[in-house]
Number of protein chains: 2
Amino acid sequence: MNQEQHFQSSEKVRDFVIGMSDGLTVPFALAAGLSGAVDSTSIVITAGLAEIAAGSIAMGLGGYLAGRTEIEHYNSEERREHDEVENKHEVEIQETKEIFAEYGLSDDLQEKIAREMAKNPKKWVDFMMRFELGLERPDKNRAHQSAFIIGISYVIGGIIPLTAYFFTDTTMQGLIYSTIITLICLVVFGLIKSKLTGQPLFKGAMRVTMVGAIAAAAAFAIAKAIA
Amino acid sequence: MNQEQHFQSSEKVRDFVIGMSDGLTVPFALAAGLSGAVDSTSIVITAGLAEIAAGSIAMGLGGYLAGRTEIEHYNSEERREHDEVENKHEVEIQETKEIFAEYGLSDDLQEKIAREMAKNPKKWVDFMMRFELGLERPDKNRAHQSAFIIGISYVIGGIIPLTAYFFTDTTMQGLIYSTIITLICLVVFGLIKSKLTGQPLFKGAMRVTMVGAIAAAAAFAIAKAIA
């Protein structure tokens with residue numbers, strides 16, 4: 001197998017990328033937006049930290065519960081497939097054949113595959129789960145771990161843009177430093193993300209940075225308009 | 001095929017659920033957090049709208065770019081597989097056999113499948129994309145549509161909790177009405193989400209509501225502590 005060539009980002013990396021992408025973007029954009037509307041850095045910091053708490057819990061706990069739901073869904077579908085393999089044997093043989101008919105195998109060979117597969121009901125169910133329903137068996141420990149990584153990445157990503165407001169007197173000064181710091185972080189993070197997920201480096205970095213910049217500009221424009 | 005029984009939520013529904021879940025949770029929690037720290041409803045509304053702008057763009061545009069990246073990734077892997085089928089024919093035959101070895105098929109049958117599959121290189125590549133790499137061909141129009149649905153759902157979900165602050169004089173009054181309105185919406189949305197995705201109704205609704213409530217409580221506690 002050429003696993004090295006077909007680079008697949010691990011799920012941990014994916015979780016880190018998910019949390020960090022949004023963490024560097026949304027609290028930064030919110031702080032930028034408020035900087036155009038209020039003149040107290042402490043309000044910007046308070047709002048920023050409240051957003052980080054809310055966002056990290058929504059993403060982390062949300063991710064955890066999504067993982068739990070995925071496990072429950074997989075288990076219930078697996079029970080159904082077991083039941084079908086036992087009680088609707090010929091229907092299931094037909095469904096197995098249909099999977100291979102799609103790839104142009106002869107009826108004779110389809111039949112042979114289905115009959116041989118049927119000799120091992122446990123593996124047959126595994127096969128149907130993956131290839132009929134497109135479901136991978138979820139890792140039971142992943143739900144906890146995923147929640148934790150996404151939540152922590154969001155907090156780290158979110159704190160960075162706020163640090164500028166701790167050390168400046170006015171929100172507009174904070175905005176300038178926050179923007180510089182965050183744009184640099186977005187470019188660096190975008191490069192790392194592109195490298196880890198096997199995308200073209202420059203294009204990937206530009207995409208990540210653009211989302212942060214546009215979100216911040218929109219938040220600033222809206223807050224300025226109504227303040 | 002028993003597609004009716006194996007309920008698979010459509011991608012549009014999934015996008016709506018993603019946008020609405022976070023939209024009902026994060027701006028609500030941010031507004032709740034600020035209500036404990038500032039006494040101006042207009043600051044809460046400004047921050048809430050800035051968050052909605054930032055969050056909907058981060059999620060919508062982020063979702064759009066993720067979709068684009070997925071298409072590019074699929075196309076590049078597909079080119080690689082085409083190349084392997086042509087230039088590393090026997091390696092690819094071996095990889096095809098390994099897929100079936102995992103499900104306990106005999107070496108003889110593995111060989112027959114791989115050789116027959118190899119007669120139609122285009123379908124063979126399709127097969128390897130799905131069965132070796134686990135990649136489904138992404139729909140080119142999905143990236144736009146997905147971005148739009150997620151972004152709009154986030155805006156709708158986010159506006160609901162803020163409405164309370166438009167009609168109240170103090171942030172604490174706003175917080176009370178906002179909490180009541182949002183908890184009701186979270187329960188109703190949780191029930192709809194559970195129904196659409198085939199989860200147990202009560203459990204699903206409680207999970208959605210719990211994330212919103214915990215996020216809001218955490219944001220409130222943090223904002224109160226530093227204000």
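## Close-up views of a predicted two-chain model

**A salt bridge joins the side chains of Arg80(A) and Glu77(A), with 3.9 Å from N to O.** The model is a predicted one, in which local features need pLDDT of at least 70, side-chain atom pairs count only at pLDDT 80 or more, and totals for chains, interfaces and linings use all residues; side-chain values use heavy atoms, without hydrogens or water. Residues are numbered from 1 along each chain as its sequence is written, while chains are lettered from A and ligands numbered from 1 in the order in which they are written. A salt bridge is a side-chain nitrogen of Lys or Arg within 4 Å of a carboxyl oxygen of Asp or Glu. Both residues belong to helix H2 of chain A and stand 3 residues apart, about one turn of the helix; helices (H or I, at least four residues) and strands (E, at least two) are DSSP runs numbered from the N terminus. An α-helix has 3.6 residues a turn, so residues three or four places apart point the same way. Glu77(A) is buried at 4% relative accessibility, whereas Arg80(A) is partly exposed at 30% (buried, under 20% relative accessible area; exposed, over 50%; partly exposed, in between; 1.4 Å probe, protein chains only).

**Lys97(A) and Glu111(A) form a salt bridge whose closest N and O atoms are 2.7 Å apart.** This pair links distant parts of the chain, 14 residues apart: Lys97(A) lies in helix H3 (residues 89-101) and Glu111(A) in helix H4 (residues 107-117), both of chain A. Lys97(A) is buried, with a relative accessible area of 8%, while Glu111(A), at 27%, is partly exposed.

**Arg207(B) and Glu72(A) meet in a salt bridge, their closest N and O atoms being 2.9 Å apart.** Arg207(B) is in helix H8 (residues 201-226) of chain B and Glu72(A) in helix H2 (residues 41-87) of chain A, so the pair joins two chains. Arg207(B) counts as buried at 10% relative accessibility; Glu72(A), at 23%, counts as partly exposed. Over all chains, the structure holds 22 salt bridges.

**Chain B superposes on chain A by a rotation of 180° with 0.0 Å of shift along the axis (RMSD 0.2 Å).** The two copies are thus related as by a two-fold rotation axis. The superposition is by least squares on the C-alpha atoms of residues with pLDDT of at least 70 in both copies. Of the interface residues of chain B, 100% are also interface residues in chain A, so the copies meet through the same surface.

**Helix H5 (residues 121-131) of chain A has buried residues that include Trp124(A), Phe127(A) and Phe131(A).** Val125(A), Met128(A), Met129(A) and Arg130(A) are also among its buried residues. Their cover includes H2, H3 and H4 of chain A, together with helix H3 (89-101) and helix H5 (121-131) of chain B.

**Ser35(A) lies in helix H1 (residues 11-35) of chain A.** The residue is buried, at 2% relative accessibility. Not counting residues up to four places away in sequence, Ser35(A) touches Val44(A), Tyr165(A), Thr171(A), Met172(A), Leu175(A) and Phe220(A), where contact means heavy atoms within 4.5 Å.
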